[in-house]
Amino acid sequence: MSVEEFDVVVAGGGPGGSTVASLVAMQGHRVLLLEKEVFPRYQIGESLLPATVHGVCRMLGVSDELAAAGFPVKRGGTFRWGARPEPWTFHFGISAKMAGSTSHAYQVERARFDEILLNNAKRKGVVVREGCSVVDVVEDGERVTGLRYTDPDGTEREVSSRFVIDASGNKSRLHSKVGGKRNYSEFFRSLALFGYFEGGKRLPAPVSGNILSVAFDSGWFWYIPLSDTLTSVGAVVRREDADKIQGDQEKALNALIAECPLISEYLADATRVTTGKYGELRVRKDYSYQQTTFWRPGMVLVGDAACFVDPVFSSGVHLATYSALLAARSINSVLAGELDEKTVLTEFEARYRREYGVFYEFLVSFYQMNVNEESYFWQAKKVTRNQNTDIESFVELIGGVSSGETALTAADRIAERSAEFAAAVDEMAGGDGDNMVPMFKSHVVKQAMQEAGQVQMRALLGQDAEPELPLFPNGLVTSPDGMRWLPYHPA
Ligand code: FAD
């Protein structure tokens, strides 16, 4: 069997896989992505966060395409939750980090959203093969050195690569190869029953695109507008109430809706979609878990393959795309010969676990129903340990920007910065500026990055390049374009 060679091979073409593949290919590396299905394919997880839309998606270059897609604009969330009997609403825009043009996300049909990201990966130079199911990793001692997969004809193939990424989601067959095991949370062990409705009621403008989350005796409902008329509706029930979704699913969903007055009111004139991709009622165990370790030499987990936490704050796509960004930075740094694998993947795992951890820790307190929203806001401040007001802490945590990473809040500024940086680099290297990728690989650029590091960046780019501080003692910081890591040298 002939073995193809790539710098990176990615299993899975969901948001995690297509993001990491694109961000590595954009640095001029050879990337193969293997996806089991043929897109567009159905997936749950429709409510996005601003950090994904204005951070990672801008870095990927798909912001304009998303804006033009007509997805409902999500300005925040409306909750009937906790001790207060009336619904309460939060707006992303009250945080300075998400104010103005970045104060919203979208509610997306995942078949369309995921296809936009996958097609973008192809445009960025990723070799994408759909209908290809990854079956195992190839190992050489400690190191993972490639993947085995079955192509659409059923032929088994092998590919070798410097890095393997498992982004194949919660049903990943590979994740255990990284070492350790999936550790399931004792706290979050619920099940979701969900379907789609036409003609449901909308929240009043300007929050008609908000997610509506409603707690009731057996659990909670999500109510996500996917168009003017189509709504995604799901009941998440506690493990103790699992029998409520056994048997006839139609009857079960109707009974749960009847238990919840607000959702009953919103669906009073609606009919359930019973044909096409939205015609099926589906059940998912949304058990929360995290793998003992997120990497080993040559192999990295991103997205649901690594961890998942209860869906109430719509954090899944954010965690998938953010971990993909962290992984891409790490791999780009190693492939450019700038930093070693252990250093960068330790940074990757620490940041990824921090982000997962704030959602997890906060969610535990959010399930306390006998308090009002002010208490949740206070708890968010405690978990994120920042200088903001309580409500800002809450909004930044659930907007996905509590890490303070510029790449997640000001990717447009980063794009400008990269252009300036490329021009400066070009000048230093005496090139013509037309071809950025070879420039970034040049000896001059490597030296600028490694030796002069951040001080030089600041000198090149002025105040706008004021560097972030490391998130952890002795940790790394991001390069001005957000694509790699740099060692931290205090001024
Ligand atoms: P996926 O989106 O699962 O993509 C993995 C890809 O890998 C798939 O395309 C799959 O076909 C492919 N694949 C699988 N096996 C193989 C293989 N062997 N070889 C090749 N390819 C393979 N998230 C939100 O952001 N907002 C929400 O509102 C939200 N609601 C949710 C509600 C519920 C009930 C649940 C359970 C989850 C929800 N999520 C939500 C989470 C969200 O669905 C996931 O976190 C997100 O899809 C993870 O992205 P991913 O790229 O890691 O994996």
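## Backbone features in loops

Arg385 is found in the loop that links α9 (373–384) to α10 (390–399). In this predicted model, Arg385 has a positive phi of about 50 degrees, although Arg385 is not a glycine.

Two cis peptide bonds also deserve attention when the backbone is inspected. One of them runs from Phe39 to Pro40, with omega near 0 degrees. Pro40 has its place in the loop between β2 (31–35) and α2 (50–60). The other joins Ala205 and Pro206, where omega is about 5 degrees. Pro206 lies in the loop between β12 (190–198) and β13 (211–216).

## Domains and their contact

The domain assignment of the protein gives three entries: domain 1 (3–182 + 289–399), domain 2 (190–285) and domain 3 (410–486). The C-alpha centres of domain 1 and domain 2 lie 25 Å apart.

Contact between these two domains involves 22 residues of domain 1 and 21 residues of domain 2. On the side of domain 1 that touches domain 2, β3 (73–74) and β4 (76–80) each supply at least two residues. The largest share of that side, five residues, comes from β4. By class, the side of domain 1 that touches domain 2 has ten nonpolar, seven polar and five charged residues.

Within it, Val10 stands opposite Ile165 in β10.

Strand β1 also runs parallel to β2, to which four bridges join it. Here the bridge partner of Val9 is Leu32 in β2. In a regular strand, side chains alternate between the two faces of the sheet.

## A three-stranded antiparallel sheet

An open sheet of three strands has the order β11-β18-β21, and its pairing is antiparallel. The edge strands are β11 (182–184) and β21 (307–308), each of which pairs on one side only.

Strand β18 (residues 289–291) and β21 pair in the antiparallel sense over two bridges. At this pairing, Tyr289 stands opposite Phe308 in β21.

## Packing of α7 against α8

Helix α7 (residues 316–335) and helix α8 (residues 341–366) pack at an angle of about 170 degrees, and their axes are 9 Å apart. Angles over 145 degrees count as roughly antiparallel, and α7 and α8 are therefore roughly antiparallel to each other. The crossing in which α7 passes α8 is right-handed.

From α7, the residues that meet α8 are Leu319, Tyr322, Ser323, Leu326, Ala327, Ser330, Ser333 and Val334. Their counterparts in α8 are Glu341, Val344, Leu345, Glu347, Phe348, Arg351, Tyr352, Glu355 and Tyr356. By class, the contact of α7 with α8 has ten nonpolar, three polar and four charged residues. The residues of α7 in this contact include Ser323, Ser330 and Ser333, while those of α8 include Glu341, Glu347, Arg351 and Glu355.

Terms used:
Residues are numbered from 1 along each chain as its sequence is written. This is a predicted model: local features need pLDDT of at least 70, side-chain atom pairs count only at pLDDT 80 or more; totals for chains, interfaces and linings use all residues. Axes are lines fitted to C-alpha atoms, for helices over the stretch in contact, and angles run from 0 to 180 degrees between N-to-C directions. Angles under 35 degrees count as roughly parallel, over 145 as roughly antiparallel, 65 to 115 as roughly perpendicular and the rest as oblique. A crossing is left-handed if the near helix is turned anticlockwise from the far one by less than a right angle, and right-handed if clockwise. Two residues are in contact if their C-beta atoms, placed from the backbone, lie within 7 Å. Ala, Val, Leu, Ile, Met, Phe, Trp, Tyr, Cys and Pro count as nonpolar, Asp, Glu, Lys and Arg as charged, and the others, Gly among them, as polar. Two strands pair if DSSP finds at least two bridges between them. Domain bounds come from an automatic or database domain assignment.
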